[in-house]
Amino acid sequence: MIMAEKTIFKRIIDKDIPAKIVYEDDLCLAFDDAHPQAPVHVLLIPKKEIASLNQLTEEDTPLLGHLYSIVRKLVKELGLDNGYRLVVNCGDDGGQTVYHLHFHIFGGRPMSWPPG
Ligand code: AMP
């Protein structure tokens, strides 16, 4: 049987490769981005393998609610009292490079608009 290659994030979930994990529970994992674009740049991912936002289904609605509740918990813990930016890149035009759904949490500096 030919196995599809694991994404880099699935390898982090499976602890095949290291990451600076800042939060973990049964449903999700958060870790520092390897190439931070802000003083705080954390990635929050579901453990379920969902390639992108477009692959979400109705059954993932509770999971999404959970992810947003973890965002609120994390930003408090990370001290982002002055605000933050939450980004989901979707597809090639959206700038997605890793095809495992993830939220970028950026903080620690004012963000500009529009994004590039
Ligand atoms: P995106 O372009 O939205 O798909 O974001 C993928 C993000 O994953 C980028 O910000 C990368 O810097 C980050 N990234 C890639 N490999 C790793 C890794 N091994 N550990 C942590 N972050 C990573």
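User: What is the relative accessible area of Lys-15, and does that make the residue buried, partly exposed or exposed?

Analyst: Buried means under 20% relative accessible area, exposed means over 50%, and partly exposed lies in between (1.4 Å probe, protein chains only). Lys-15 has a relative accessible area of 48%, so this residue is partly exposed. This is a predicted model, in which local features need pLDDT of at least 70 and side-chain atom pairs count only at pLDDT 80 or more, while totals for chains, interfaces and linings use all residues. Residues are numbered from 1 along each chain as its sequence is written, and side-chain values use heavy atoms, with hydrogens and water left out.

User: Where does Lys-15 lie, and what is its phi?

Analyst: Lys-15 belongs to the loop between α1 and β1 (21-24); helices (H or I, at least four residues) and strands (E, at least two) are DSSP runs, numbered from the N terminus. Although Lys-15 is not a glycine, its phi is positive, at about 65°.

User: Which peptide bond is cis, and what is its omega?

Analyst: The bond from Trp-113 to Pro-114 is cis, with omega near 5°. Pro-114 is located in the segment after β5.

User: Let us turn to the ligand. Which residues come nearest to the ligand?

Analyst: A residue counts as near a molecule if one of its heavy atoms lies within 4 Å of it. Around the ligand there are 16 residues, of which Asp-33, Asn-89, Thr-97, His-102 and His-104 come nearest. By class, the shell has seven nonpolar, seven polar and two charged residues. In this scheme Ala, Val, Leu, Ile, Met, Phe, Trp, Tyr, Cys and Pro are nonpolar, Asp, Glu, Lys and Arg are charged, and the others, Gly among them, are polar.

User: Which elements each supply at least two residues of that shell?

Analyst: They are α1 (8-13) and β2 (28-32). The largest share, three residues, comes from α1.

User: How many aromatic pairs does the structure hold?

Analyst: A pair of aromatic rings is described by the distance of the centres and the angle of the planes. Rings of Phe, Tyr and Trp (its six-membered ring) pair if their centres lie within 6.5 Å; planes under 30 degrees apart count as stacked, over 60 as edge-to-face and the rest as tilted. The structure holds two such pairs. Phe-9 and Phe-31 are edge-to-face, at 5.5 Å centre to centre with 75° between the planes. Because Phe-9 lies in helix α1 and Phe-31 in strand β2, this pair ties together parts 22 residues apart in sequence. Phe-9 is buried at 6% relative accessible area, and Phe-31 is buried at 2%.

The other pair, Tyr-68 and Phe-103, is tilted, at 5.3 Å centre to centre with 50° between the planes. Tyr-68 lies in helix α2 (residues 61-77) and Phe-103 in strand β5 (residues 103-107), so the pair ties together parts 35 residues apart in sequence. Tyr-68 is partly exposed at 41%, whereas Phe-103 is buried at 3%.

User: How many disulfides are counted?

Analyst: A disulfide is a pair of cysteine sulfur atoms within 2.5 Å. By this rule the count is zero. Cys-28 is in no disulfide, since the nearest cysteine sulfur, that of Cys-90, is 20 Å away. Cys-28 is buried at 0% relative accessible area, whereas Cys-90 is partly exposed at 26%.

User: Where is Asp-60 placed, and which side chain does it contact?

Analyst: Asp-60 is in the loop between β3 (40-46) and α2. Asp-60 is buried, with a relative accessible area of 4%, and a polar contact of 2.5 Å joins its side chain to that of Lys-48.

Methods. Polar contact = N/O pair within 3.5 Å; in protein donor to acceptor, adjacent residues only side chain to side chain.
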